Amino acid sequence: MTTIDDYLNNWLRDAHAAEEQAETMLSTASDRLKDYPDLANRIRQHQDETTNQRKLLEECLERRGTSTSTTKDLMAKTSAMFQDMGKAMAGDEVVKTVLFSYAFEQMEIASYRILVTAAEAAGDQQTRSVCERILQEEIAMADWLQQHSDAITRQFLSREADTTARSARA
Ligand code: MG
Ligand code: FE
C-alpha cells in the first residue's frame with residue numbers, strides 16, 4: 001500500500017531530480033547570454049537559489065529517513081529535452097531560453113504547490129515550510145521572466161534586423 005508519506009517522499013525525489021537538471025540547464029543558459037546581461041544575471045541568481053533548493057530537498061529527504069533517487073523522473077526528462085532543444089537552436093537561443101525557462105518555472109510552481117499540500121497532509125511542517133519557501137522563489141523567477149519577455153524579444157528582433165541590414169549593405 002502506498003501511504004501519504006510514500007507519495008510525499010516520491011514527489012520530493014522528483015522535485016530533487018528536477019532541481020539537479022535545472023542547475024545544469026541554468027548554468028548552460030547563463031554562459032550563452034553575454035549579450036543579455038540582465039537575463040544572464042537573473043538566471044545566475046536563480047542558479048544559486050536552485051543549488052540551495054536542491055540541498056534543502058536533500059535535507060528534507062534525509063530527515064524523513066529516505067534518500068534521493070538516481071533514476072530520472074518525468075520532470076528531469078522534460079528538462080533534459082529542453083536542454084537538447086536549446087542546443088539545437090541557432091541564433092535565437094535567448095528567446096528559447098525565456099520560453100523554456102518560463103515553462104519550467106510553471107512546472108516547478110505546480111510541483112511545489114502539490115508538495116506543500118502533501119507535506120501538510122503528512123503532518124510534516126518542516127517540509128511544508130521548505131516547499132513554501134522554494135515555491136516563492138519559483139514564482140518570483142516566473143514573474144521576472146514574464147515581465148521581461150517582451151523587452152528581450154524586441155531586443156533580439158531589433159538586433160537581428162540590424163545584422164540583416166548590415167549584411168545587405170556589405
Ligand atoms: Mg527550482
Ligand atoms: Fe526554478
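Student: Where is Asp38 found?

Tutor: Asp38 sits in helix H2. Keep in mind that this is a predicted model.

Student: Is Asp38 buried or exposed?

Tutor: Look at the relative accessible area. Over 50% counts as exposed. Asp38 has 55% relative accessibility, so Asp38 is exposed.

Student: How many residues along the chain separate Asp38 and His148, and how far apart are their C-alpha atoms?

Tutor: The two are 110 residues apart along the chain. Their C-alpha atoms are separated by 9.3 Å.

Student: How do I read contacts across the whole chain?

Tutor: Ask how far apart in sequence the partners are. Take contacts between residues at least 6 apart in sequence. Of these, 80% join residues at least 24 apart.

Student: What share of the residues is buried?

Tutor: The protein has 170 residues, and 42% of them count as buried. The protein exposes about 9200 Å². Carbon and sulfur atoms supply 51% of that area.

Student: Which residues make a nonpolar surface patch?

Tutor: Tyr7, Trp11 and Ile114 make one of about 290 Å². Tyr7 belongs to helix H1, residues 4–32. With a relative accessible area of 39%, Tyr7 is partly exposed.

Student: How do I check the length of a helix, say H4?

Tutor: Compare its reach with the expected span. Helix H4 covers residues 93–122, which is 30 residues. From first C-alpha to last, H4 reaches 42 Å. That is close to the 44 Å expected at 1.5 Å a residue.

Student: What follows H4?

Tutor: Gly123 does. The phi of Gly123 is positive, near 75°.

Student: Now the metals. Which residues coordinate the magnesium ion (ligand 1)?

Tutor: Read a site by listing its donor atoms. For the magnesium ion (ligand 1), they are Glu19 (OE), Glu19 (OE), Gln53 (OE1), Glu108 (OE) and Glu138 (OE). The distances run from 2.0 to 2.4 Å. Along the chain, the donor residues are spaced E-x33-Q-x54-E-x29-E. Glu108 in helix H4 and Glu138 in helix H5 are 30 residues apart, and this pair links distant parts of the chain. Both Glu108 and Glu138 are buried.

Student: And which residues coordinate the iron ion (ligand 2)?

Tutor: His46 (NE2), Glu105 (OE), Glu105 (OE), Glu108 (OE) and Glu138 (OE) do, at 2.0 to 2.7 Å. The donor spacing is H-x58-E-x2-E-x29-E. His46 in helix H2 (residues 37–63) and Glu138 in helix H5 (residues 125–169) link distant parts of the chain, 92 residues apart.

Student: Why does His46 count as buried?

Tutor: Buried means under 20% relative accessible area. His46 counts as buried because its relative accessibility is 1%. Glu138 is buried too, at 0%.

Student: How far apart are the iron ion (ligand 2) and the magnesium ion (ligand 1)?

Tutor: They are 3.1 Å apart. Glu108 coordinates both.

Student: What does Gln53 touch, leaving aside its neighbours within four places in sequence?

Tutor: Glu19, His46, Glu108, Ile134, Glu137 and Glu138 are in contact with Gln53. Gln53 is in helix H2, and Gln53 is buried at 0% relative accessibility.

Student: Last topic: salt bridges. What is the idea?

Tutor: Side chains of opposite charge can pair when their charged atoms come close. Here the count comes to nine salt bridges. One of them joins Glu23 and Arg54, at 2.5 Å from N to O. Glu23 is in helix H1 and Arg54 in helix H2, and the pair links distant parts of the chain, 31 residues apart.

Student: Are Glu23 and Arg54 buried or exposed?

Tutor: Glu23 is buried, with a relative accessible area of 18%. Arg54 is buried as well, at 16%.

Student: Which residue forms a salt bridge with Arg128?

Tutor: Glu120 does, with the closest N and O atoms 2.2 Å apart. Arg128 is partly exposed at 23%. Glu120 is partly exposed at 38%.

Student: Which residues are linked in a network of salt bridges?

Tutor: Asp5, Arg63, Arg64 and Asp124 are linked in this way.

Notes: Residues are numbered from 1 along each chain as its sequence is written. Chains are lettered from A and ligands numbered from 1 in the order in which they are written. This is a predicted model: local features need pLDDT of at least 70, side-chain atom pairs count only at pLDDT 80 or more; totals for chains, interfaces and linings use all residues. Side-chain values use heavy atoms; hydrogens and water are left out. Patches are made of residues with over 30% relative accessible area and no salt bridge: like charges are joined within 9 Å, nonpolar side chains (Val, Leu, Ile, Met, Phe, Trp, Tyr) within 5 Å. Accessible areas come from the Shrake-Rupley method with a 1.4 Å probe; for residues, only the protein chains shown count as cover. A salt bridge is a side-chain nitrogen of Lys or Arg within 4 Å of a carboxyl oxygen of Asp or Glu. Helices (H or I, at least four residues) and strands (E, at least two) are DSSP runs, numbered from the N terminus. Buried means under 20% relative accessible area, exposed over 50%, partly exposed in between (1.4 Å probe, protein chains only). Donors are N, O and S atoms within 2.8 Å of the metal (3.2 Å for Na, K and Ca); water is not among the atoms, so sites may look incomplete. Contact means heavy atoms within 4.5 Å. The expected span of a helix is 1.5 Å times one less than its number of residues.
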